[in-house]
Every structure is written in structure tokens, then in C-alpha cells.
Amino acid sequence: MNAEKISKIPVALTIAGSDSGGGAGIQADLRTFAFHCVHGTSAVTCVTAQNTLGVARVDAMPPEAVTAQMQAVAEDIGVIAAKTGMLLNQEIIAAVAQQVEALEINNLVVDPVMVSRTGAQLIDDDAIKTLCQQLIPQAVIITPNRYEAQILSGFPINTLDDMRAAAQTIHSHFKAQTVLVKGGGMQGNARGVDIWFDGNCLELLTTQQIETQNTHGTGCTLSAAIAANLAMGKDLLTSVKQAKEYVTTALAYSLSIGKGQGPVGHFFPLLRN
């Protein structure tokens, strides 16, 4: 393959933590990029020791190391789209936000990894404040889950109407271009329904519900798939809809591995065989 052809390959960057269990984080993101035939690059923010049962240890990368990784990728290979995942602390978030601006990364998908799907807060209040003030305003879309949307909107979310109100409040308060409030952790008719709001259009995005306990990495996978589709030149709404379809199918082929919650099947075409 000659250099001209190589230069035309879509490139996406994941700025996130490493999951030693392979179900989420940069491992999930890179598999998702590969599925979409997008060249995946990465800036590792932290290293976790985890498996299907949980996280045993987290070690943060120095902010300077995260900055260097982003610069190395952007200055040589280039970045058409990027996504952020677990950024862990205030210093790393500030460094990433500064580099997103300096490197002029436009197609930025922010998965605001602040609270797990079970409601456990993952970063401290100072980190959340920096995320809201410095990174979210640069995003083309943010993808909070139910509990993250509760923090960002300032009110509890129990119904579809609550999700709609939260999307509008977050959009207005944080100057986010587009908000996708995810309903994966909701109950009843709101389960699995995502709310899209871009300042003009308020839309319910639905897909088939998949019954499985192996859902580890769904948030990472969705945001990575959105970034991959953006890297391929698709518009934002199409990118989101196709990303949801990808995650739904990956859930249908989720992997029953380990003793706890397994991951989605990122490489489901191979699993079909």
C-alpha cells in the first residue's frame, strides 16, 4: 500500500484508560475502531488492574505523558476524530482540554466518565468541575449515562421526561453542541432509550433491547463507534444512530467470560462463524 493510500485511511484517537480485562477503555475503543476499518491511535491516561469482577488498582499517567502521546499522534499521523473516556483526575483533564484546543481536534466525542452505571462516583468534584468547564464545551457531542446526567443537570432522572429535561439543561448550561443522555441504566419504557438534543432537535433514539448480563464496556464502545463514524466522514446524527446499532449487535454477541460481568462482542462477525 503506497503512502497516498495510507494517508486516506480514517484515523481516530482514544484518550482513555487501559482495562487489563480487555472489556472497556482503550482496548474496547481500539477494537471498535478496527471493526469500522478506522486506524486507531491512543493516549493512555491511566492503567487499571481489573477483570470481570471489578477494579483492583488504578495508576494515573503523568499529565505530561498524556500530552506527549496526543502530540505525537497528531503531529505525524493526524486525528480526524477523537473520544475521551476515563481521564481520572483534574490535572489530566486540564492537560487533555488544552491539547484538544492546541491541536485543533474538532470531532471530539466526550464520554464524561464520572459515575458508573451502578451509581458509584469515579472522579472527585474538582475533576468534574474541570471537565465541565474546560473539556465539555469543546465537544461535538457528550454522552452521559443516567447518573452522569443527574450530576450535570442537577436533578434526579427517573423517566423519559426527566431525560429530555436533562438533555436540554446540560446543553444550555455547559454550551455542549449536542447531548446524548443514555438510558441503558433506566427502567420501564425508558430502558435503552437515548435522548438526543442539539439545541433544535429533541429526538428519542431506540434500538432492540438485548437481555444479557455481559454489558461491560458499552459506554466506551458507543462513544468510540461515534468517533469512528465521524472519522469516516458521516454526519453526527447518522454516526450516533449507527453506533447504537453496532452496540446493540455487540450486546447480542456478548462474551460470557470470567466470573463476573463480561464484555460486549466487539468482533461479532467472527463470533457468528
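Analyst: Two packed helices are described by the angle between their axes and the distance between the axes. In this predicted model, helices α4 and α5 are roughly parallel to each other, because an angle under 35 degrees counts as such and their axes cross at roughly 10°. The axes of α4, residues 90-102, and α5, residues 125-135, come within 8 Å.

User: Which residues of α4 and α5 make the contact?

Analyst: On the α4 side the contact is made by Q90, I93, A94, V96, A97 and V100, and on the α5 side by D126, A127, T130, L131, Q134 and L135. Sorted by kind, the residues of this contact comprise eight nonpolar, three polar and one charged.

User: How should I read the nonpolar core, and which residues have the most contacts inside the largest one?

Analyst: In soluble globular proteins, nonpolar side chains tend to be buried together. Here the largest nonpolar core has 46 residues, and those with the most contacts inside it are V96, L135, I136 and I142. Helix α7, residues 160-174, supplies the largest share of this core, with six residues. Apart from this core lies another one of 28 residues, including F33, A81, A224 and V247.

User: What does V96 touch, leaving aside residues up to four places away in sequence?

Analyst: With those neighbours left out, V96 touches I15, V66, M70, T84, L87 and L135. V96 and L135 also both take part in the contact between α4 and α5.

User: Where is A243 placed, and is A243 buried or exposed?

Analyst: A243 sits in helix α9, which covers residues 236-252, and A243 is buried, with a relative accessible area of 0%. Not counting residues up to four places away in sequence, A243 touches L222, A225, I226 and N229. Between A243 and C37 there are 206 residues of separation in sequence, while their C-alpha atoms are 14 Å apart in space.

User: How many helices and strands does the protein have, and what is its radius of gyration?

Analyst: The protein has ten helices and nine strands. Its radius of gyration is 17 Å, close to the 19 Å that the globule rule gives for 273 residues, so the protein is as compact as a globular protein of that length. Along the principal axes, the C-alpha trace spans about 50 × 45 × 40 Å, and buried residues make up 51% of the 273 residues. Of the contacts between residues at least 6 apart in sequence, 67% join residues at least 24 apart.

Notes: Residues numbered from 1 in each chain as written. Predicted model: local features only at pLDDT ≥ 70, side-chain atom pairs only at ≥ 80, totals over all residues. Heavy atoms only, no water. Axes fitted to C-alpha atoms, helices over the stretch in contact; angles between N-to-C directions. Helix = DSSP H or I, 4+ residues; strand = E, 2+ residues; numbered from the N terminus. Parallel < 35°, antiparallel > 145°, perpendicular 65-115°, else oblique. Contact = heavy atoms within 4.5 Å. Nonpolar A, V, L, I, M, F, W, Y, C, P; charged D, E, K, R; others polar. Core = buried A, V, L, I, M, F, W, Y, C linked by side-chain atoms within 4.5 Å. Buried < 20%, exposed > 50% of the residue type's maximum accessible area, 1.4 Å probe, protein only. Rg over C-alpha atoms; globule rule 2.2 N^0.38 Å.
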